[in-house]
Amino acid sequence: MTPLPSAGWLRPVKSGIFGLIASLTFALPSYAAEKISFVFDSLILSIPVSDLETYATQGNLSQQLTRYFSLAGATEEDKAAFRQALLKKAPVDPLLVSRLLNTEEGERLLSYFGKVINVQGGRNGKFLLRGAIVKAALDPEGLTLINVLNNLSTNVQIDLRQALNLAQQIDLIVNATSLFVGEVDRLAQVEAEQTKNVNFSQLSDPRQRGPFEVKKQTWNLTDEKRQRRFYVDVYQPQTLQSEKVPVIIISHGLSSRPEDFSRWAQHLASSGYVVALPQHPGSDIKQTKNLIEGLSRQIFVRNEFIDRPLDVTYTIDELERRNKSSFEGRLNLNNVGVLGHSFGGYSVLAVAGAIPDFDRLEEVCNLEIGYLNTALVLQCRALKLEQKDYNFKDPRVKAVFVINPVNSGLFGSKSLGKIDVPVFISAGSYDPATPFIFEQVISYPRLNVSDKYLQLQEGQAHVDFSQLDAGITDMLKMATDLTLPSPQLLDDYTNSMTLSFFEVYLHKNPEYLPFLSSAYANYLSEGQEFKTHLITEKSSESLNISIEKFIRDNNIKVPQNR
């Protein structure tokens, strides 16, 4: 296996007080206007902001800062990194920063860091932080740590006990990510050794486009019952070749759109599938633009937890209405596949039968370690919905493929156990938005179906970075020095598995079953720096045992309803 950083999405945190504070100030600047006080029980150490500015600009250490570095056990390397963090400029849009920090998601994150970074006297510093960050971002000199310090309206204190607790949580997640990336790799190799040798080079290649030319059309739909208007992109072979044409619905993620998944849709359509991609208007790229332009104060509309699954069902309904006129009555709409990415993963798991568990979600949202799961920032907003049984199950759905799914807070064992169709979960080891350790590893053993798969793609980071705009790319370069796999390699890993999975479970084509194996994942990975691993139901119990052992060994608090 390729050596991986402890966690691609969560930079390794140095042990000790200094390492923690340095990492905090890099990620979310946090010092006082005149002085910053470090508080540990009755011990208080104060450092003037001017001392920090002098150190940042000139490299000169004051007596107080020297004492702090000494107490923290900082090395020369630590000191240099700290100085660099003080001056590093974040290339951000100040209006976007302001709007993001004023969303529910932004406030949740600020509240968490505000437990560590307090107003003097011990009160949560979230509002102080928000004001200082926004002012610094609006300043002509830009968002730097020193600039944030100069824009704080009062002195602050760092609660070192809380800070150390945060450091321990970060280390725990980093270690868990490394452990379970290795564990999935190990289990996959055990499965591969038990698999009959197959010469994959002699078989058809599911990575390659199929034999059919593809055409696209766009439908503009209105669900009168919900007063909801959205469009659907439909990809299909130029000529329908079967009396029972398989159908797949693709649900896009947050701040995305159907067009972003055209490559996956075309790959499936070229092999004979009709693929429909509905827009989800309250959580798509248009909603993000509304936030940026000040037309909305929400990253997504809360009712999307309800509307997204209903969009999928309405799309299938529309295919039924148009089947005879547009598809010669050939669509097999009693045997539909669904594919969802990120928030779309939630959508399709819901239409497969998973029911949101609000009692469990409330427990998870109140766990301190949960604040480090970025996907929970999204899921916890569901707590303000009317809490009732939302059953979105669509009996026409017969196979589910989810990529980087948002799910673990909303769906526990009881919820996922209601799914009774084959499920394929694909995850990325570098995913910062739906972290592998929180959102996929834990969820996989909760599925009760025998036909289930877990794929890990090394280096996959939730989105195709080649499609990001320059501003986001610059921020990524500033925040991380990760090397990423090529988009084509990740497409190969995804396309081969989506086609094989739906061929087996929708088309009932056993010739593709050998591709749903760890041996084939090894074949795909030959000669690649970033590999893919695949485990099946055979490894589910072993993975669950490892998860339970890790929870016990580390005294991790978990919800009563797992």
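Axes are lines fitted to C-alpha atoms, and the angles between them run from 0 to 180 degrees between N-to-C directions. In the predicted model, helix α3 (residues 63-72) lies across β1 (35-40) and β2, and runs at about 135° to β2. Both of these strands belong to an open sheet of five strands, ordered β2-β1-β5-β3-β4, in which the pairing is mixed. The edges of this sheet are taken by β2 (43-48) and β4 (123-124); each has a single partner strand, so one side of each is left without a neighbour in the sheet. Strand β3 (residues 117-119) is joined to β4 by two bridges, and the two strands run antiparallel. Within this pair, Asn-118 has Asn-124 of β4 as its bridge partner.

For the protein as a whole, 21 helices and 14 strands are assigned. Of its 562 residues, 57% count as buried. The accessible surface comes to about 23700 Å², and carbon and sulfur atoms contribute 49% of this area. Among contacts with a separation of 6 or more, 78% are between residues 24 or more positions apart.

A further open sheet is formed by nine strands in the order β6-β7-β9-β8-β10-β11-β12-β13-β14, again with mixed pairing. Its edge strands, β6 (214-223) and β14 (532-536), each pair on one side only. From one strand to the next, the twist averages 20°. At one end of the order, β6 pairs with strand β7 (residues 228-237) in the antiparallel sense over ten bridges; Lys-215 has Gln-236 in β7 as its bridge partner. The hairpin of β6 and β7 has four residues between the strands, and Gln-227 there takes a positive phi near 55°. Elsewhere in the sheet, strand β12 (residues 423-428) and strand β13 (residues 452-457) run parallel and are joined by six bridges. The bridge partner of Val-423 in β13 is Lys-452.

Helix α20 is mostly covered, with six of its eight residues buried. These are Ser-518, Ala-519, Tyr-520, Ala-521, Leu-524 and Ser-525. Following α20 is Gly-527, which has a positive phi near 80°.

Two packed helices are described by the angle between their axes and the distance between the axes. For helix α12 (residues 304-327) and helix α13 (residues 343-351), the axes come within 9 Å and cross at roughly 65°. The crossing of α12 past α13 is right-handed. On the α12 side, the contact is made by Glu-304, Phe-305, Arg-308, Pro-309, Val-312 and Thr-313, which meet Phe-343, Gly-344, Tyr-346, Ser-347, Ala-350 and Val-351 of α13. Classed by residue type, this contact has seven nonpolar, three polar and two charged residues.

A charged side chain is also found in helix α7 (residues 126-138), which contains Arg-130. Because the cut-off for burial is under 20% relative accessible area, Arg-130 counts as buried at 15% relative accessibility. Apart from neighbours within four places in sequence, Arg-130 is in contact with Leu-101, Asn-102, Glu-107 and Leu-110.

Methods:
Residues numbered from 1 in each chain as written. Predicted model: local features only at pLDDT ≥ 70, side-chain atom pairs only at ≥ 80, totals over all residues. Heavy atoms only, no water. Pairing = 2+ DSSP bridges. Buried < 20%, exposed > 50% of the residue type's maximum accessible area, 1.4 Å probe, protein only. Contact = heavy atoms within 4.5 Å. Left-handed = near helix turned anticlockwise from the far one by under 90°. Areas by Shrake-Rupley, 256 points an atom, 1.4 Å probe, with all protein chains shown as cover.
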